[in-house]
Amino acid sequence: MGLIVGFAVGHFFLFCNVFRVAKPLELTWSAIFVVLAGSTIATGQPGWPVTIATTLVATLAVIAMQVRKPSYHGIAWQHFNPKLPEWWESQATERDTR
């Protein structure tokens, strides 16, 4: 059970501090994890290997979607999103005109 707690805490760190994942994507990942883990705890199905594998696939999908956003500002943003400064400036301009 400690592995699963560490898995969830590690993803929290990964999503909040490393890749800076948007809340809707983070909540989607969390729902997948909670449903699979809850089902595994309650019924033994689909089992921890499937739960972890499925959640890792969801992790990769969430990170891939996040780094493709024009607002991406996590790790290696210069590589994934070199136009971020222009995006920030356009957002500041929009706020100033409101």
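**A tour of the helices and loops**

What you have open is a predicted model, in which local features need pLDDT of at least 70 and side-chain atom pairs count only at pLDDT 80 or more, while totals for chains, interfaces and linings use all residues. Residues are numbered from 1 along each chain as its sequence is written, and side-chain values use heavy atoms, with hydrogens and water left out. Helices are DSSP runs (H or I, at least four residues), numbered from the N terminus.

Next, select helix α1 (residues 2–18) together with helix α2 (residues 23–43), whose axes come within 11 Å and cross at roughly 170 degrees. That makes α1 roughly antiparallel to α2, a label for angles over 145 degrees; the axes are lines fitted to C-alpha atoms over the stretch in contact, and angles run from 0 to 180 degrees between N-to-C directions. To see the contact itself, show Ile-4, Phe-7, Ala-8, His-11, Phe-12, Phe-15 and Cys-16 in α1, which meet Glu-26, Trp-29 and Phe-33 in α2.

Then move to the loops. Between α1 and α2 select Arg-20, which has a phi near 50 degrees, a positive value in a residue other than glycine, and which counts as partly exposed at 41% relative accessibility. In the loop between α2 and α3 select Pro-46, which a cis peptide bond with omega of about 10 degrees joins to Gln-45.

In the loop between α3 and α4 lies Ala-76, where phi is again positive, near 60 degrees, in a residue other than glycine.

Finish at Asn-81, in the loop between α4 and α5 (84–97). Is Asn-81 buried or exposed? Asn-81 is buried, with a relative accessible area of 7%, and, not counting residues up to four places away in sequence, Asn-81 touches Lys-69, Pro-70, Ser-71 and Tyr-72.

Terms used
Helices (H or I, at least four residues) and strands (E, at least two) are DSSP runs, numbered from the N terminus. Angles under 35 degrees count as roughly parallel, over 145 as roughly antiparallel, 65 to 115 as roughly perpendicular and the rest as oblique. Contact means heavy atoms within 4.5 Å. Buried means under 20% relative accessible area, exposed over 50%, partly exposed in between (1.4 Å probe, protein chains only).
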